[in-house]
Amino acid sequence: MTCPICEILIIKEMKIIFHNLKQKNMKDFMMLFYSEPNPNMEPTPEEIEAEIKLWMDWIGGIGAKGKLKHAGEALGFEGKTVHSDGSITDGPYTEAKEIVGGFIIVTADNLEEAVALTKGCPVLSIGGKAEVREIMPTGDIPND
Amino acid sequence: MTDQQKLSEIFKTEYSNLVAVLSNYYGISDLQYAEDIVSDTFMKAMKAWSHKGIPQYPKAWLRKVAQNLYFEDLRRKKTFEDKISKEIHPNNDFSDAPEITDELIEDSQLRMMFLLCDPQLNRESQLCIALRLLCGFSTEEITKALLSNKESVNKKLYRAKNILRGQLSIDRELTLKDFEERLDNVLRVIYLLFNEGYYSSTVEENIRNDLCWEAMRLGVFLSKHQQSKVEYVYALIALMCFHASRLKARQSGERGNLLYHEQDKSLWDKELIKKGQQYLNFASKGKHVSKYHIEASIAYWHTQECEEKWEQILMLYNKLLTIEYSPIIAMNRSYALAKAYSPDRAIEAAFDLDLKENVHYYCLMAELYRMNQDTDQEIFNLNKALRLVKKENEKKLIEGKLESVLKGD
């Protein structure tokens, strides 16, 4: 890793990484992104690229704070829903107009801090919403 | 190069070679013992060469002497054992022992790399012992390279040698699984070695080319033998090629250690850049993408001069941060942010970084404020950096910047 300004290669960050691994009491939160799908939208490759860039800049920003646990995934619009009576319906959305379009997982001290991380989230600028939920720890499964 | 420098360079490379061969092929299970033989060899060399000068083939000389010392010692022990018990240990049959050749050394070093990165050792211990045995670092040098203290390095070396006792012999077979599981650590060790050469933490001159070339040699050598995830190795080699392409340009000025924008770009090594691109191509044909792929891509863009590169670089840093967090990566990202968008956004992001004891952090902040033409803040941050800086030539650099900003250029 070089610093572009001073031509300094830096891997001597070992210590700091070790230090960060030791940080405890942080909780994991999942951010779920909801938006209303527009079936008529056919974005050009450039538009798709610009969209990805917006998201990556935002996610990179969380990463730069050291709060990114999982970069998440984006979900397609198509899907099916399986019901308890065994029936299967088209589409991931049944009642709600908005569907889950993707998620990421962040770490934070508490819910307030996690909510603050949504600042600048691209879903908010297109009228969608972000839901922040704590991930419940499920026993002693080691992190590694 | 003076004889003194030449000597220390020879010792440095030959140290690891000899220890590797002695333990791997002659079956010395006690690392300390192997190291003692090598030290004795160097003592002999110092004595002999101080009168006659360095021989034409110093490495061959050292190898021969090390071999002889070992066999002499063995003979003595064997006689001793023979007299006490008539048993002759089959491992100690040295009549058909191989000569120390380059091939043997390469093979031993490869084995050594993987054997030292034993999962029984924690990461820092692996690094300590690898720097000692593969790179011939002194305890002092390891201490500085790892930002640690002497006592803890010594402790780690001692413990590592104990755990590795008996593990480093030709009888210890390395399985495909070993090669797969230990690769990450082996790559880290090679990269650390390269880093130490590219920006030395131990010597004032900052750049130690020999270590860079040694790291690249190990990388290329590894790529020829590694079967699984060889794309990681290719990516690391590409990364090292791109960085190394600027070594000459960096050292061309009177001050030495020229900054990126001060370098004469015609001195960048085009051949190495091309080599790097080739390796990056090989790397991208693999199944997996590692952080080395991304870092190599960033390093590639730094060898290019177009302005649009900053958007690409920012994107790559974003991606890198999704794989691994480090405040240093985050710091570099904020510079890309400034170049791709605006210094304001970069400053905002940089405020969140937990690097308040880091000289380069304040240099970065000063640079960001300079881009924003905020002279007061620039001076403030340069002064902060000046208070933290330890190395003499870095201090001069910061003072120079401070001077020019106070003069108002």
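This is a predicted model: local features need pLDDT of at least 70, side-chain atom pairs count only at pLDDT 80 or more; totals for chains, interfaces and linings use all residues.
Biologist: What should I know about the numbering and the values?

Modeller: Residues are numbered from 1 along each chain as its sequence is written, and chains are lettered from A and ligands numbered from 1 in the order in which they are written. Local features need pLDDT of at least 70 and side-chain atom pairs count only at pLDDT 80 or more, while totals for chains, interfaces and linings use all residues; side-chain values use heavy atoms, with hydrogens and water left out.

Biologist: Which elements give two or more residues to the lining of the second largest pocket?

Modeller: A pocket is an open set of points on a 1 Å grid over the protein atoms alone, where a 1.4 Å probe fits, with protein on both sides within 12 Å along at least five of seven lines; lining residues have an atom within 4 Å of a point. Helices (H or I, at least four residues) and strands (E, at least two) are DSSP runs, numbered from the N terminus. Here 35 residues line the second largest pocket, and E51(A), W55(A), A74(A), L75(A) and G101(A) lie nearest its centre. The elements are strand 3 (27–35), helix 2 (45–64), strand 4 (68–74) and strand 7 (99–108) of chain A, together with helix 15 (309–323) of chain B. Helix 2 of chain A gives the largest share, 7 residues.

Biologist: Why is strand 3 of chain A largely enclosed?

Modeller: Buried means under 20% relative accessible area (1.4 Å probe, protein chains only). In strand 3 of chain A, 7 of the 9 residues are buried, so the rest of the structure largely encloses it.

Biologist: Which strands does strand 3 of chain A pair with?

Modeller: Two strands pair if DSSP finds at least two bridges between them. Strand 3 of chain A runs antiparallel to strand 7 of chain A, with 9 bridges, and L32(A) stands opposite F103(A) there. Strand 3 of chain A is also antiparallel to strand 8 (residues 129–134) of chain A, through 6 bridges; F33(A) has A130(A) as its bridge partner.

Biologist: Is T118(A) buried or exposed?

Modeller: T118(A) counts as buried, because its relative accessibility is 13%. T118(A) lies in the loop between helix 3 (111–116) and strand 8 of chain A. Contact means heavy atoms within 4.5 Å; beyond four places in sequence, the contacts of T118(A) include M31(A), W58(A) and A130(A).

Biologist: What is the mean pLDDT of chain B?

Modeller: pLDDT is the predictor's confidence in each residue, from 0 to 100. For chain B the mean is 83, and 88% of its residues reach 70 or more. Chain B has 20 helices and 0 strands.

Methods: Buried means under 20% relative accessible area, exposed over 50%, partly exposed in between (1.4 Å probe, protein chains only).
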